[in-house]
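Begin with the view below.

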Amino acid sequence: MRKPFIAGNWKLHKTVTEALDLAGALKQEAAGVEDIDIVIAPVYTALAKTADLLTNSNIQVAAQNCYPAVSGAFTGEVSPALLKDAGCRYCIVGHSERRQLEGLKDISTQAMQNLVVAYEPVWAIGTGKTASDEQAEEAHCFIRGLLRGLYDEAVAEATRILYGGSVKPDNVDGLMAQKDIDGTLVGGASLKAADFARIIKFKRP
């Protein structure tokens, strides 16, 4: 059984104070939620303080991007080592918005340990439109098949694949009932404590 993984990508939202308020509310809402990996990805400026606030909680912190170098003359970039030092356990790499803004094509050099794959149809990101449960499952099954071909059965079955794209409280149950959907990457709904709390408390099949 793959452990469910629910992640909230806050994108370019929330000041440090606002981030701490939201993280504090989520910390209370998530208390007692078991057998799920819960992750939030605030803006860079809020990472360290948010990670400190969530120490000893069941919520982990992720960064929204990183640069594949330990150190060097890379103005404006942040390395995985620095993110780890700030309290991050995860990092989102290769998001479609990063690819659009930077023309990023190859994310292989950015890959970190604890790899979790997210499938997000571009037409569903921030549009309010969501793939049907069946469409999402078909795509996830295809991705798992690719992993099986690239690696082996063990890797394919162990890798968690998330669905992203307008995930909301009213559609999470159906998505999470699908065999190959192991979690969700949540955008706008992760900015509201009540909505994200409902998503992490999805009804299990």
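Is arginine 144 buried or exposed? Arginine 144 has 1% relative accessibility and counts as buried. Here buried means under 20% relative accessible area, exposed over 50%, and partly exposed in between (1.4 Å probe, protein chains only).

Some ground rules come next. This is a predicted model, where local features need pLDDT of at least 70 and side-chain atom pairs count only at pLDDT 80 or more, while totals for chains, interfaces and linings use all residues. Residues are numbered from 1 along each chain as its sequence is written, and side-chain values use heavy atoms, with hydrogens and water left out.

Now the overall picture. The protein has eight helices and seven strands. Both are DSSP runs numbered from the N terminus: helices are H or I with at least four residues, strands are E with at least two. Of the 205 residues, 43% are buried.

Back to the charges. The search of the whole structure gives 11 salt bridges. The criterion is a side-chain nitrogen of Lys or Arg within 4 Å of a carboxyl oxygen of Asp or Glu. Arginine 144 pairs with aspartate 180 at 2.6 Å, N to O. Arginine 144 sits in helix α5 (residues 133-150) and aspartate 180 in the loop between α7 (172-176) and β7 (183-186), so the bridge ties together parts 36 residues apart in sequence. Aspartate 180 is buried too, at 4% relative accessibility.

Another bridge joins aspartate 173 and arginine 198 (2.5 Å, N to O). It links helix α7 to helix α8, so parts 25 residues apart in sequence are tied together. Arginine 198 is partly exposed, at 25% relative accessibility. Elsewhere, shared partners join Arg2, Arg144, Arg148, Glu153, Glu157, Lys179, Asp180 and Asp182 into one salt-bridge network.

Helix α8 (residues 193-200) also packs on helix α1 (residues 16-30): their axes come within 10 Å and cross at roughly 35°. Axes are lines fitted to C-alpha atoms, for helices over the stretch in contact, with angles from 0 to 180 degrees between N-to-C directions. Which residues meet in α1 and α8? Leu22, Ala25, Leu26, Glu29 and Ala30 in α1 meet Ala193, Phe196, Ala197 and Ile200 in α8. Contact means heavy atoms within 4.5 Å.

Lysine 201 lies in the segment after α8 and glutamate 29 in α1, so the pair ties together parts 172 residues apart in sequence. Lysine 201 is partly exposed at 41% relative accessible area, and glutamate 29 is partly exposed at 31%.
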